[in-house]
Amino acid sequence: MAEPKKLMRPPWDEYFAKVVGDIALRSTCYRRQIGALVVNADHEIVSSGFNGNVRGAEHCDVIGCIKDEMGLKSGEGNDWCTAVHAEQNALLQAGKLSRGSTLYVNAFPCKVCARLIINAGIKKVVISGEYTDKDGLRILADSGVEVKHVNVKNG
């Protein structure tokens, strides 16, 4: 009898990081397309989110970008932007099911998202991208949330 073929299956973190890349494609922000995914301990997807304007508002490709109009750099002026971050949308959808889960995201979480991640009970954050503001990483580490960075090729 012939030996069975060995499949080349990606590790869970790489697999979910690639899924996040596809989720990010739904973003309505033309500056940064961010996706997030909450996954429980059984490797089941609990929720997903991408960044974009609040529900019911016109998207930036229609009304333009307030941050561009104000000449703000990435990581600045988040209080002016009417968008909700991918992590925030994923956590809202997950509710209490996020407790003890892993959050996958393709950027460093900002300071606000880091605090929400901690209070949601997320135990691990897997990041497959970068962001200009690294303070969120410090907040996560100081609170004992495991942070892992993976390199994946999307597309």
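Biologist: Taking two strands to pair if DSSP finds at least two bridges between them, which residue stands opposite Phe50 in E2?

Modeller: Gly35 stands opposite Phe50 there, and the strands E1 and E2 as a whole pair in the antiparallel sense over five bridges. Strands (E, at least two residues) and helices (H or I, at least four) are DSSP runs numbered from the N terminus. Bear in mind that this is a predicted model, where local features need pLDDT of at least 70, side-chain atom pairs count only at pLDDT 80 or more, and totals for chains, interfaces and linings use all residues. Residues are numbered from 1 along each chain as its sequence is written, and side-chain values use heavy atoms, with hydrogens and water left out.

Biologist: And how many residues lie between E1 and E2?

Modeller: Five residues separate the two strands of this hairpin, and in its turn His43 has a positive phi of about 65°.

Biologist: In what order do the strands of the open sheet come?

Modeller: The order is E2-E1-E5-E6-E7, five strands with mixed pairing. Strand E2 (45-50) and strand E7 (146-149) are the edges, each of them pairing on one side only.

Biologist: Do E6 and E7 run parallel or antiparallel?

Modeller: Strand E6 (residues 124-127) and E7 run parallel, joined by four bridges, and Ile127 has His149 in E7 as its bridge partner.

Biologist: Which strands does helix H1 touch?

Modeller: Helix H1 (residues 12-24) packs on the sheet and touches strand E1 (35-39), E2, strand E5 (102-105), E6 and E7, where contact means heavy atoms within 4.5 Å.

Biologist: Switching to H4, which of its residues are buried?

Modeller: In helix H4 (residues 86-94), the buried residues are Ala86, Glu87, Gln88, Ala90, Leu91 and Ala94; buried means under 20% relative accessible area, exposed over 50%, and partly exposed in between, with a 1.4 Å probe and protein chains only.

Biologist: What covers them?

Modeller: The cover over the buried residues of H4 includes E1, E2, strand E4 (83-84), E5 and helix H5 (111-119). After H4 comes Gly95, whose phi is positive, near 55°.

Biologist: One more: is Lys67 buried or exposed?

Modeller: Lys67, in helix H3, is buried, because its relative accessible area is 8%. Ile66, also placed in helix H3 (residues 66-69), counts as partly exposed because its relative accessibility is 33%.

Biologist: What is Lys67 in contact with, leaving aside neighbours within four places in sequence?

Modeller: With those neighbours set aside, Lys67 is in contact with Arg31, Leu72, Lys73, Gly75, Glu76, Gly77, Asn78 and Cys81.

Key:
Pairing = 2+ DSSP bridges. Axes fitted to C-alpha atoms, helices over the stretch in contact; angles between N-to-C directions.
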